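Biologist: I am new to this structure. Please pick one part, look at it closely, and then show me what lies around it.

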Amino acid sequence: MLFNLTPEQIRLQGLAREVADGFVSARAAETDRSEAYPWDNVRELTKAGLIGYTIPKEYGGAGGSFFDAVLIIEEMARVCGVTGRIAVEANMGAISAVMRYGTEAQKKMAAGIVLAGDKPAICITEPEAGSAATEMTTSAVKRGDVYVLNGKKHWITGAGVSKLHLVFARVFDEAGREQGIGGFLVHRDDEKALEARGFRIGKREPTMGLRGIPESEVIMENHEVPAAMALQPPGGWHRGFAELMNAYNSQRVGAGTVALGIAQGAFEHALAYAKQREQFGRPIAEFQGLQWMLADMSVQLSAARLALYNAAASADPFPDPLLAAQAKVLASEMAIKVTTDALQVFGARGYSRNLPLERMTRDARMFTIGGGTAQVLRTQIASRLLGWKLPQARDGYQRQAAKLAAE
Ligand SMILES: CC(C)(COP(=O)(O)OP(=O)(O)OC[C@H]1O[C@@H](n2cnc3c(N)ncnc32)[C@H](O)[C@@H]1OP(=O)(O)O)[C@@H](O)C(=O)NCCC(=O)NCCSC(=O)CCS(=O)O
Ligand SMILES: Cc1cc2nc3c(=O)[nH]c(=O)nc-3n(C[C@H](O)[C@H](O)[C@H](O)COP(=O)(O)OP(=O)(O)OC[C@H]3O[C@@H](n4cnc5c(N)ncnc54)[C@H](O)[C@@H]3O)c2cc1C
């Protein structure tokens, strides 16, 4: 075993499994069917201390590591992908960026919101800036002691249920000069009041899987954010995007872990069913065709788990970008294959909505897209392996040369 869990981690994993198997599992099918946010699960996780587990002790959390969070997430996702994703955003991504880069006041505010049961929303993607996130046009213009935000984000996980939002925007100073990309904290405590101040939730996407959590637009029209709520990483605005994305690597590992958990859950169902279902007068597990499928599933699960654990353990303070991207590509592609094969083991029953296999297959499909597509992450991996910048815009290399010449 490459990773020996500490006694505390074994306890944490056991607690997470108890909550997952004892409470979350029973509500997973209904969460998918109703497409309603599973507030009961959130309450149960909050009660167990699994929401905001990575928040430092001085701000009221357990001071857990990203590795600890991965243990929690895998257990939740094994039975319910949506709850796995909630555990990601309540421990990684936006909250981890605030806890690292925020002012005292920002940290206290964010910790209080999350520990009360909120899963923050991270608002990066725009209709015209998906993979090309640096082409975002949402602007934050300084005016006295506020920043005025204008723009539209879409596919924002939890928009409409989340209270804390970390909005990425292009920053301009009072003279209209561009400074870089930064983060802005918006607390949606009073929905109506915030709407009146130009921050509203737009239309919800009807999604293929992970249906219990909304994916919606976030629209900002002259929304004023106090300058005290600007999240400026230490390198300043011009390093803002790079440093915020560095924090985001934690969420990439988290997303990969949800994929792992879903696949692990599907595999466990398939293993049990193969021993129980009989055809030709014997258990289908006696057929070598299925034995090798089960063996391959376990091989892929082990590889993805090791890559994710390794990426999580590399955190200093955030997971290494290369390890995070490699682990997410491996886990997300593995989960599509493993859930599909697990469904196959069930034959027609797997295709029925009466069993969880079809839900797991739909849920697993997201992870080669959200959090950076598998294609874009491969380019990031290649860039770091080669030690080269690999600009993707047609004039990228010319722009790079001009920038170097100007420096
Ligand atoms: C980074 C990209 C948007 C490509 O854009 P560019 O080619 O314009 O940018 P780069 O020159 O590659 O990067 C600029 C700067 O940032 C640094 N960077 C970029 N990514 C990382 C990272 N992950 N970790 C650390 N640093 C990073 C990069 O090194 C550059 O810095 P230097 O100038 O070299 O010092 C594109 O590749 C990309 O990542 N697109 C995907 C966007 C994405 O992931 N969106 C996620 C939205 S949230 C979400 O989907 C939630 C779903 S979930 O399941 O949780
Ligand atoms: C369920 C779900 C939840 C999400 N949650 C959030 C969230 O909470 N917050 C948030 O900000 N965003 C979120 N997203 C958005 C997600 O980050 C984007 O979908 C993703 O970054 C890709 O952008 P896009 O969908 O616009 O695809 P595009 O960028 O339009 O890509 C389309 C296709 O082209 C390929 N492609 C694009 N550029 C390249 C390239 N240079 N090289 C090779 N191939 C390329 C892509 O891989 C993809 O196959 C979520 C998405 C999903 C599906």
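Modeller: Start with helix α8, residues 240–276. It has 37 residues and reaches 55 Å from its first C-alpha to its last, close to the 54 Å expected at 1.5 Å a residue. That expected span is 1.5 Å times one less than the number of residues. Helices (H or I, at least four residues) and strands (E, at least two) are DSSP runs, numbered from the N terminus.

This is a predicted model, where local features need pLDDT of at least 70 and side-chain atom pairs 80 or more, while totals for chains, interfaces and linings use all residues. Residues are numbered from 1 along each chain as written, chains are lettered from A and ligands numbered from 1 in written order, and side-chain values use heavy atoms, without hydrogens or water.

Back to α8. The helix bends by about 30° at A247; the bend is the angle between axes fitted to the seven residues ending there and the seven starting there. Most of α8 is covered, with 28 of its 37 residues buried. Buried means under 20% relative accessible area, exposed over 50%, and partly exposed in between (1.4 Å probe, protein chains only).

Now place α8 on the chain. UniProt, in an unreviewed entry, lists residues 239–386 as "domain: Acyl-CoA dehydrogenase/oxidase C-terminal". UniProt positions follow the numbering used here, feature names are shortened, and annotations may be inferred rather than shown by experiment. Residues 239–386 are 76% helix and 3% strand, and their end C-alpha atoms are 22 Å apart.

Over residues 6–109 the chain is 72% helix and 0% strand, and the end C-alpha atoms are 31 Å apart. The record also gives "domain: Acyl-CoA oxidase/dehydrogenase middle" (unreviewed entry) for residues 121–222. Residues 121–222 are 6% helix and 52% strand, and their end C-alpha atoms lie 20 Å apart.

Look next at strand β3, residues 146–157. V148 is found in this strand. V148 counts as buried because its relative accessible area is 4%. H223 is 75 residues from V148 in sequence, yet the two C-alpha atoms are 5.5 Å apart in space. W155 also has its place in β3. W155 is partly exposed, at 41% relative accessibility. Its phi is positive, about 60°, although W155 is not a glycine.

L210 sits in the loop between β6 (199–204) and β7 (215–226). Its relative accessible area is 4%, so L210 is buried. Most residues other than glycine have a negative phi, and most peptide bonds are trans.

The peptide bond from D316 to P317 is cis, with omega near 0°. P317 lies in the loop between α9 (288–313) and α10 (321–345).

On a 1 Å grid over the protein atoms alone, a pocket is an open set of points with protein on both sides within 12 Å along at least five of seven lines; in a cavity a 1.4 Å probe fits but cannot get out; lining residues have an atom within 4 Å of a point. The space in the second largest pocket is about 320 Å³. Points are joined across faces, edges and corners, and a volume is the space filled by probe spheres set on them.

Elements giving two or more residues to this pocket's lining are α3 (66–79) and α5 (93–101). The largest share, 4 residues, comes from α5. The lining holds 10 nonpolar, 6 polar and 1 charged residues. Here Ala, Val, Leu, Ile, Met, Phe, Trp, Tyr, Cys and Pro are nonpolar, Asp, Glu, Lys and Arg charged, and the others, Gly among them, polar. Helix α5 is largely enclosed by the rest of the structure, because 8 of its 9 residues are buried. Among them are G93, I95, M99 and Y101.

The largest cavity has a volume of about 40 Å³. Its lining includes A28, C80, L210, R359 and D363. Helices α1 (7–34), α4 (81–89) and α12 (357–364) each supply at least two lining residues. The largest share, 3 residues, comes from α1. This lining divides into 4 nonpolar, 2 polar and 4 charged residues.

Finish at A405, in helix α14 (residues 396–406). A405 counts as exposed, at 65% relative accessibility. A405 and A69 are 336 residues apart in sequence and 44 Å apart in space, C-alpha to C-alpha.
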